[in-house]
Amino acid sequence: MKKALRVILPVLMIGIVFSSQTVNGDYLVTVGSIFNYDVIDSNMSVTFGVNTASGTGFEIANTTFAAGTTVELNVTALDSLGVDYNLTAGAFTEEKSSSVWDSLGMALLTIFPLFVSLGIATTEWDQNATEDTHAGLLLVPFLDVDNSSWEPWSIWADMADSIHANGTTAMENITTSLVWDATYDNTSTDFIFETHLSGEIADLVNNSGSLTQVNLTIEHRYQFAYTIATGVMLGMRMVGEVTGFVNGTIFEMNYNYLTEKAGYDMPIFELYSLPTWPFPGFEYLIAIGALASLAIPIVLVKKRRK
C-alpha cells in the first residue's frame with residue numbers, strides 16, 4: 001500500500017499562536033543590554049550511501065567560527081514586534097532580530113530529525129542543500145513574556161503536558177510509530193523545557209509522487225532554559241542521531257548543539273533518568289501521519305544567510 005508520510009508540527013503551539021488576536025508582544029529587556037553566550041557545540045554530519053556532508057561551527061557576517069567561541073549580543077532596539085540586536089564574534093558583527101514568531105521555530109526543533117532526515121532521504125542528493133541543514137548557532141535569545149494574547153511559559157507547559165499525557169493517536173495503515181515525551185520545570189526563577197523523541201520509521205514514503213522505502217531509527221533530545229521574569233535565554237541544547245536504510249542504502253545523521261549564557265550550565269537531561277513524572281500518565285506511541293489537516297510537507301530547512 002502506498003502511504004504518504006507527513007511531519008506534524010506540535011499542534012498545541014501552532015493553534016495558540018495562530019489563533020492569537022495580535023502578533024504584538026512586550027519584551028522585558030532594554031536597549032544597550034549586553035549578553036554573552038558560549039557556543040559549546042555546533043556540528044552535524046550526514047552519510048547517505050557514498051555521499052557525505054557536514055557542518056561545524058556557525059557564521060556571523062559570512063565568517064565561520066568554531067564551537068568554543070563566545071558571542072556578544074547587544075540590544076539595539078525593541079518594540080512590540082520584536083528585539084533588534086547585534087551579534088559579535090571576534091571582529092565581525094551581524095544585525096539580527098527576535099520576534100513573536102520565534103516560538104514556532106522552537107516548536108519545529110522538537111521534531112528536528114523528522115523533517116530534516118526525511119527531506120534529505122526522499123529527494124535527490126544535494127551537497128549544498130544538505131550542508132545547509134546544519135543549524136549553526138542555536139540561539140533564540142528573547143521570548144515575549146508580557147503579552148495579553150499569550151504567555152510563553154504556560155504555552156510550553158501545556159505543550160509538555162499534552163505530549164506526555166496524550167501524544168498523537170496512531171492512524172490506521174501507518175506503521176510508523178515513535179515514542180514522544182516531554183517535561184518542564186518552572187518551580188524556580190528559570191523555565192526549563194525538555195522533549196525526547198525516539199523510535200522507528202519503517203514505511204513506504206510518498207513525497208511529491210516519488211516513493212521511497214524508509215527504515216530509520218531516531219533518537220532526539222531538545223532542551224531549553226529561560227529566565228522567567230525577563231524571557232532571556234539561558235541555554236539551548238539539541239542532540240540526536242538517525243540511522244538505518246533508505247531504499248536499501250545506508251543513511252546516518254548525527255548532530256550536537258549547545259549554547260549557554262556565560263556563567264550558566266544547562267541541567268542534565270531528565271527524561272528516562274527519573275522514575276516519576278509530576279502528572280499522571282505514561283509514554284504514548286505517535287504516528288507522524290496523524291492529523292493530516294495540520295500536517296506540513298517534508299522540506300529541507302536551509303540556513304538563513306545574511
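Mentor: Let's start with a term: two strands count as paired when DSSP finds at least two bridges between them. Keep in mind that this is a predicted model.

Trainee: What makes strand E2 and strand E6 a pair?

Mentor: E2 (residues 34-48) and E6 (residues 70-79) share five bridges in the antiparallel sense; the definition asks for at least two, so they pair. Within that pairing, Ile-34 stands opposite Asn-74 of E6.

Trainee: Which sense and how many bridges link E2 and strand E13?

Mentor: E2 and E13 (residues 249-261) run antiparallel over 11 bridges, with Met-44 facing Tyr-255 of E13.

Trainee: And what makes E2 and strand E3 partners?

Mentor: Six bridges, again in the antiparallel sense, join E2 to E3 (residues 51-56). Phe-48 has Asn-51 in E3 as its bridge partner. The hairpin of these strands leaves two residues between them, and there Gly-49 takes a positive phi near 65 degrees.

Trainee: Now the helices. Why is helix H3 described as largely enclosed?

Mentor: Buried requires under 20% relative accessible area. In H3 (residues 112-121), 10 of the 10 residues are buried, so the rest of the structure largely encloses this helix. Phe-112, Phe-115 and Ile-120 are among those buried residues, and so is Gly-119.

Trainee: What makes a group of residues a nonpolar core, and how many residues has the largest?

Mentor: The members must be buried nonpolar residues joined through side-chain atoms within 4.5 Å. The largest such core has 68 residues, and those with the most contacts inside it include Leu-73, Met-106, Phe-142 and Phe-251. H3 gives the most to this core, with seven residues. Another core, of six residues, lies apart from it and includes Ile-192, Leu-234, Tyr-264 and Met-266.

Trainee: How do you know that the length of helix H5 agrees with its residue count?

Mentor: The 14 residues of H5 (residues 152-165), at 1.5 Å a residue, should span 20 Å, and the end C-alpha atoms are 20 Å apart, which agrees. Among the buried residues of H5 are Trp-153, Trp-156, Met-159 and Ile-163.

Trainee: Where does pLDDT stay under 50?

Mentor: Residues 168-175 are one such stretch, with 20 contacts beyond four places in sequence. Residues 274-306 are also below 50, with 95 contacts in the model beyond near neighbours in sequence. Where pLDDT is low, the predicted coordinates should not be read in detail.

Trainee: And what is the average for the protein?

Mentor: The average pLDDT is 78, and 75% of the residues score at least 70.

Key: Residues are numbered from 1 along each chain as its sequence is written. This is a predicted model: local features need pLDDT of at least 70, side-chain atom pairs count only at pLDDT 80 or more; totals for chains, interfaces and linings use all residues. Side-chain values use heavy atoms; hydrogens and water are left out. Buried means under 20% relative accessible area, exposed over 50%, partly exposed in between (1.4 Å probe, protein chains only). Helices (H or I, at least four residues) and strands (E, at least two) are DSSP runs, numbered from the N terminus. The expected span of a helix is 1.5 Å times one less than its number of residues. pLDDT is the predictor's confidence in each residue, from 0 to 100. Contact means heavy atoms within 4.5 Å.
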